[in-house]
Amino acid sequence: PTSAGTPALVQASGAVERSASKSLTADFPSSTSGGHLLVLSASVYTGVTNPITSVTDPAGNAWTRIGAFAVAGHFSDGEMWYAASAAATTSVSIHMASPAVASVAIEEFSGVAASSPLTASMGSSATSISPASGSLTPTAGDLVVGFIAAHTNPQAIGVIASGYSGQGQRTSVGAGSTVASVVQPKLAVPKKPF
């Protein structure tokens with residue numbers, strides 16, 4: 001893809017909730033800029049039968065699911081979506097077919113190729129206190145965005161991957177032990193297009 005500059009985080013936000021709902025909306029601190037990459041990560045306290053059905057925003061951007069990761073037999077679903085070369089917007093919403101407790105993290109990035117920005121993706125799901133996505137080696141200029149979704153336990157999630165910076169943990173606690181947490185770390189490797 002053509003170079004769009006050096007990838008940079010413009011702003012980050014997210015949303016949490018206290019009860020199950022069919023949707024959850026996160027507001028950006030200020031309107032995004034047209035042409036930027038928007039990334040959403042979500043943790044949904046639900047089984048594999050009730051994943052996120054769509055992601056929308058007031059500008060009508062096209063959102064693409066990068067991956068959905070769940071452990072069969074557990075109330076877990078972690079998903080990542082993106083909108084490339086997005087029109088300016090102020091918020092992003094996730095939607096499910098049935099009510100569920102969710103947490104979302106959203107980020108806006110500049111300096112990312114306007115078309116075909118996703119060059120690789122990987123992920124995994126497991127019941128673990130030391131989650132890992134697997135190995136992926138970025139090249140110069142790549143923007144690497146990851147997320148960790150956790151369910152049932154409200155404990156703090158730490159990102160220990162070298163060079164990554166976390167954007168803060170967002171945790172929703174519903175009735176009783178219904179917990180959904182998400183942390184969205186990112187790594188920018190300068191000097192080549194995404």
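Met80 is found in strand E6; strands (E, at least two residues) and helices (H or I, at least four residues) are DSSP runs, numbered from the N terminus. This is a predicted model, in which local features need pLDDT of at least 70 and side-chain atom pairs count only at pLDDT 80 or more, while totals for chains, interfaces and linings use all residues. Residues are numbered from 1 along each chain as its sequence is written, and side-chain values use heavy atoms, with hydrogens and water left out.

At 7% relative accessibility, Met80 counts as buried, where buried means under 20% relative accessible area, exposed over 50%, and partly exposed in between (1.4 Å probe, protein chains only). The C-alpha atoms of Met80 and Thr64 are separated by 8.6 Å, and these residues stand 16 residues apart along the chain.

Strand E6 also holds Glu79, whose partner Arg65 lies in strand E5 (residues 64-69), so the pair ties together parts that are 14 residues apart in sequence. The side chains of Glu79 and Arg65 form a salt bridge, at 3.0 Å from N to O. A salt bridge here is a side-chain nitrogen of Lys or Arg within 4 Å of a carboxyl oxygen of Asp or Glu. By this rule the count comes to 1 salt bridge.

| Residue | Relative accessibility | Class |
|---|---|---|
| Glu79 | 0% | buried |
| Met80 | 7% | buried |
| Arg65 | 36% | partly exposed |

For the protein chain as a whole, there are 0 helices and 11 strands. Buried residues make up 43% of its 194 residues. The chain exposes about 8900 Å², of which carbon and sulfur atoms supply 53%; accessible areas come from the Shrake-Rupley method with a 1.4 Å probe, and for residues, only the protein chains shown count as cover. Of the contacts (heavy atoms within 4.5 Å) with a separation of 6 or more, 79% join residues 24 or more positions apart.

A nonpolar core is a set of buried Ala, Val, Leu, Ile, Met, Phe, Trp, Tyr and Cys residues joined through side-chain atoms within 4.5 Å. The largest such core has 21 residues, and those with the most contacts inside it are Leu40, Ile52, Val55, Trp63, Ile94 and Val104. Two or more residues of this core come from each of strands E2 (21-27), E3 (36-45), E4 (52-56), E6 (77-86) and E7 (91-110). E7 gives the largest share, 7 residues. Another core, of 8 residues, lies apart from it and includes Val39, Tyr82, Phe109 and Val112.
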